[in-house]
Amino acid sequence: MPLSHFENTLSRLHDGSATIGVVGLGYVGLPLALACVKAGYRVIGFDINPDRVAAINGGEQVISYLDPAEMREAVAAGRFEATTDFGRLGEPDALSICVPTPLTRNRDPDLSYVVNTAEMIARTLRPGQLVVLESTTWPGTTREVVQPVLEEAGGIIGQTCFLAFSPEREDPGNKSFNTKSIPKLVGADDPQSRKLAETFYGKTVAQVVPVNSAAVAEAAKLTENIFRAVNIALVNELKLVYAEMGIDVWEVIAAAATKPFGYQAFYPGPGLGGHCIPIDPFYLTWKAREFGIESRFIELAGQINTSMPRHVVGRLAHALNAQAGRGLKGAKVLILGLAYKANVDDLRESPSLTLIDLVEAQGAQCDFHDPHIPVVPSTREHASLSGRKSVPIDAATLATYDAVLIATDHNAVDYGMVAAHAKLIVDTRNALSRHGVEATQAVKA
């Protein structure tokens, strides 16, 4: 008696003979693809960017913290290839969708990448394929958006094809956790799909955590990100309050963190970056309105966090006036750090881009230095900055700027040199203190 579609795919996933497809080879998809190769699978990576595909197949370093030697070895062994040919989506036994889920200009969810990917998968859908959505989205997306597309192509979920949700949990540049070591949530609305997803990820990561539905997994991912967003908003607001009282919020947080229970340290900054925190909470607030619920707490956190770049520029203007007797108009300002977090080349939603726009809107000349980002790539929201180059810094260069604004605290920056030669320093990350550098001309923002 021939094996069922479920049994055949389960067997191939279990013995490692399955081919895995990863759609979207960015900060989530590429690490996942390499983890699948390590697990023994053959992997096909799909991406719409031909330059990125060529770079991956050529063994170039496309993400700063990923070892290109590992990628070159996988490509040379025939275990991994990248392609722009989405007509090959029918080849893999399991497909992971790792595409962006941004917001529109009206801050509504933009699922166009997910929908387009699902439609391309549907064109070549074959019996036995497992499709897993990893992109963060509102609870119900897998069932309400992706499932109908597959069913319209003739798929019967749980019988001829299989569908699950398993949220990404990447933390770019974090050396303590990687794709393999981070526990993987898996949710599906039928036991066959859940079993296949558990088996697939069970060979790829150290721990799989199954939940009863795709919606639970979708909600869990949003909950993780909202938890961080509201706590960062809290310390951002405390920063404003304590500053008026002449109290250093960074010292307060360090003191509070000595309590061994009931407290977790979060830190303020110039605004939120990355995909998870500045975007994902609004997927839930949007969905909540469908049920007549106003998620005021989440919305308020968003308002506080998005106001931070303007607060920083206000502090910069005030410090220039107080220390140099001048305004921002005509001033030269250097932004230290363009990436959204330290020691990576990830520019997604970086507040530094907004800071440049705001500073220049005040009539200042604004340059940037980032050891990880030599040139600003094209972005949707800050297209005018595309092509700008990082300015090399030395003692003489630093002295030419009226102010240096530390927006990202990269370890590769010589903060001692900055303190010795900058006329004014506005530190949004407590970088000087953390590196043991004193600067009388520095202010925190």
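Tutor: In this predicted model, Glu81 counts as partly exposed because its relative accessible area is 26%, between the 20% and 50% limits. Its side chain forms a salt bridge with that of Arg88, at an N to O distance of 2.9 Å. Arg88, in contrast, has a relative accessibility of 17% and is therefore buried, the limit being under 20%.

A further salt bridge joins Lys184 to Glu134, with 3.2 Å between the closest N and O atoms. Lys184 belongs to strand S7, whereas Glu134 sits in the loop between strand S5 (130-133) and helix H6 (141-152), so the bridge ties together parts 50 residues apart in sequence. Both partners are buried. The setting of Lys184 can be followed along its strand. S7 (residues 184-187) is covered on both faces: Lys184 and Val186 are buried on one side, Leu185 and Gly187 on the other. Four bridges pair S7 with strand S8 (residues 208-211) in the parallel sense, and Gly187 stands opposite Val211 of S8. Together with helix H7 (residues 191-204), these two strands make a right-handed β-α-β unit.

Asp402 and Arg326 also meet through their side chains in a salt bridge, at 3.9 Å from N to O. This pair links parts 76 residues apart: Asp402 lies in the loop between helix H15 (395-399) and strand S11 (403-406), and Arg326 in the loop between helix H13 (308-324) and strand S9 (332-336). Asp402 is buried at 18% relative accessible area, while Arg326 is partly exposed at 26%.

Finally, shared partners join Arg42, Glu81, Arg88 and Glu91 into one salt-bridge network. The count of salt bridges comes to 21.

Methods:
Residues numbered from 1 in each chain as written. Predicted model: local features only at pLDDT ≥ 70, side-chain atom pairs only at ≥ 80, totals over all residues. Heavy atoms only, no water. Buried < 20%, exposed > 50% of the residue type's maximum accessible area, 1.4 Å probe, protein only. Pairing = 2+ DSSP bridges. Right-handed = clockwise from strand over helix to strand, strands pointing away. Salt bridge = Lys/Arg side-chain N within 4 Å of Asp/Glu carboxyl O.
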